[in-house]
Amino acid sequence: MNANDSPAILIKANREGFTLVPDPSASFEALVAYLEQRLSESRDFFRHADMTLDLRERPLRTDEISRLHGLLVAKGRVRLVEVKLGEDLSLVLDRPSDRRPPPPKPGPAPAAQDSALVIRNTCRSGIRIVSQSDCVILGDVNPGAEVIAVGDIIIFGNLRGVAHAGATGDRSARIWALSIEPNQLRIADIVAVPPRGSKPTPRRFEIAEIQDNTIEVITL
Amino acid sequence: MAGKMIVVTSGKGGVGKTTTVANIGTVLAKKKYSVVMLDADIGLRNLDVVMGLENRIVYNLVDIIEGKCRKQQAMLRDRKLHNLYIIPAAQTREKSAVNPEQMKNLCQELADEFDYVLIDCPAGIEQGFKNAVAGAQTAIVVTTPEVSAIRDADRVIGLLEAGELRDIHLIINRMNHRMVKKGDMMSTEDIISLLAVPLLGVIPESDEVVISTNRGTPLVHDRGSKAGAAFHQIAARLNGEEIALDLEQKVTIMDRVKRFIWS
């Protein structure tokens, strides 16, 4: 697939959820195919998210909009809240009056849209942390915990659970931790399982990133 | 005077919650404190069997909460220690027969009369767990050196912390020092580094535990039992006595025994 160079639909994350911007040159069938693939790849991530469809660049017919809407609801359990048709023209579907609740953990609220989510304690088994941008964790991520971020994940502790950086498809996202010994690593659409057996403890820290379509852990 | 309310929990089943409650309760009672042990595992009661009091049950926890009897009617006195009581769970009811608010009130009332209220929590993290931890100020998390038990302990600690219960202690049960040395079992240090809660004590793996459970007499009545000694130390630490954790020494004693055998 050539989706990584220019995806048929650009998925942008922001505090209210996600914005879908279809590529002006893509055919409608390509849009549907791409969206279907993305939803099936990362269904859990998009679940219950609010989405805005931005059609300022690529207008669609009403039947096409309703087909995309049906796809989002059925496949991704997503709520389409707004369709932007022009600069001043938008169709509000079912945007809730109150914003989505803040991230599950207490902590200072992000000041700007793209400021990182900071978690100031150890993430124990059963905890799921989702950040719409970068995520910083001051503590360990234990087995059974999940950290999912649209951007990078930075852990000042040991990563032993599951981490998913670049969750909306950003392959340049990286995972930083004092020690990376997880159950599973995910960056964008790539999933890696670390080799069995013990490895030397890093002296400083480790970084996981994508190199040639595989996730590499670099020890520093 | 308000007593201490302590819940013993683990997440995973079969790691030794009930044995821990029975032994710690017995040691504290031997130290002349008044102790009541509350079996919160409604539907799967065990504590009465471990204490050997199964045949004396008339009323139970649910009867107290539903107002069918007075607290004193449901309390069973230990066979040896007159200041040790248990309140058995109902075997024919379900966890939903009780709610956290009622448990909290009952624990509060018991704490007014007793020095220690020990609550035996059921396995799992559902209603029964919520009931059991509702009234407690202190939690003891029991785990074994197995990854599955540690994973569940971690989850339970997270839930306790989320529920504003921050006085959490750890007991590692069924530790086999020989297997740790061979690298076949997680060491105490590994477990503590993962769970990050203060350690109350380590109980060595032993057949004596099974035997005492089957006989219905807590292990701590036996003199010269290693696991019993570990429970004595744990109860003393829980009681605020300063007893050093002799993790290192245990290894050296083992070493000495080994050297003795080898020579």
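**A first look at chains A and B**

Hi everyone, let's start at A:R196, which sits in the loop between β14 (190–192) and β15 (206–211) of chain A. Helices here are DSSP runs of H or I with at least four residues, strands are runs of E with at least two, and both are numbered from the N terminus. This is a predicted model, where local features need pLDDT of at least 70 and side-chain atom pairs need 80 or more, while totals for chains, interfaces and linings use all residues; side-chain values use heavy atoms, without hydrogens or water. Residues are numbered from 1 along each chain as its sequence is written, and chains are lettered from A and ligands numbered from 1 in the order in which they are written.

Back to our starting point. Is A:R196 buried or exposed? A:R196 is exposed, because its relative accessibility is 85% (buried is under 20%, exposed over 50%, partly exposed in between, with a 1.4 Å probe and protein chains only).

Now let's step back to chain A as a whole. Three helices and 16 strands make up its list of elements, and 44% of its 220 residues count as buried. Its accessible surface comes to about 11600 Å², with 49% of that on carbon and sulfur atoms (Shrake-Rupley method, 1.4 Å probe; for residues, only the protein chains shown count as cover). On that surface, A:L138, A:F156 and A:L178 make a nonpolar patch with about 260 Å² of accessible area together. Such patches take residues with over 30% relative accessible area and no salt bridge, joining nonpolar side chains (Val, Leu, Ile, Met, Phe, Trp, Tyr) within 5 Å and like charges within 9 Å. One member, A:L138, is in the loop between β8 (135–137) and β9 (146–149) of chain A, and A:L138 counts as partly exposed because its relative accessible area is 36%.

Next, the meeting of the two chains. How many residues of chain B are in contact with chain A? There are 11, and they touch nine residues of chain A, with contact meaning heavy atoms within 4.5 Å. About 820 Å² is buried between the two chains, 41% of it on carbon and sulfur atoms; that is the accessible area, with a 1.4 Å probe, that the two parts lose on being put together, summed over both. On the chain B side, B:R151, B:D154 and B:L194 supply 59% of the area buried against chain A, more than any other three residues.

There are also seven residue pairs in polar contact between the chains, both residues at pLDDT 80 or more. A polar contact is a pair of N or O atoms within 3.5 Å; within protein, one must be able to donate a hydrogen and the other to accept it, and residues adjacent in sequence count only if both atoms are side-chain atoms. Which elements of chain B give two or more residues to this side? They are α7 (147–162) and α9 (188–195), and α7(B) gives the most, with six residues.

The interface holds two salt bridges as well, each a side-chain nitrogen of Lys or Arg within 4 Å of a carboxyl oxygen of Asp or Glu. In one salt bridge, B:D154 meets A:R124 at 2.8 Å, N to O.

Over all chains, the structure has 15 salt bridges. Here is one within chain B: B:E109 pairs with B:K71, their closest N and O atoms 3.1 Å apart. B:E109 is in helix α5 and B:K71 in helix α4 (residues 71–74), so this pair ties together parts of chain B that are 38 residues apart in sequence. B:E109 is partly exposed at 39% relative accessible area, whereas B:K71 is buried at 14%. Shared partners also link A:R124, B:D154 and B:E161 into one salt-bridge network.

Let's finish inside chain B, at B:T143 in strand β6 (residues 138–143). B:T143 counts as buried because its relative accessibility is 0%. Leaving out residues up to four places away in sequence, its contacts include B:A153, B:L170 and B:I191. A polar atom of the B:T143 side chain also lies 3.5 Å from the backbone oxygen of B:A149.

One last stop is B:A196, in the loop between α9 and β8 (199–204) of chain B. B:A196 has a positive phi of about 55° although it is not a glycine, and B:A196 is exposed at 52% relative accessible area.
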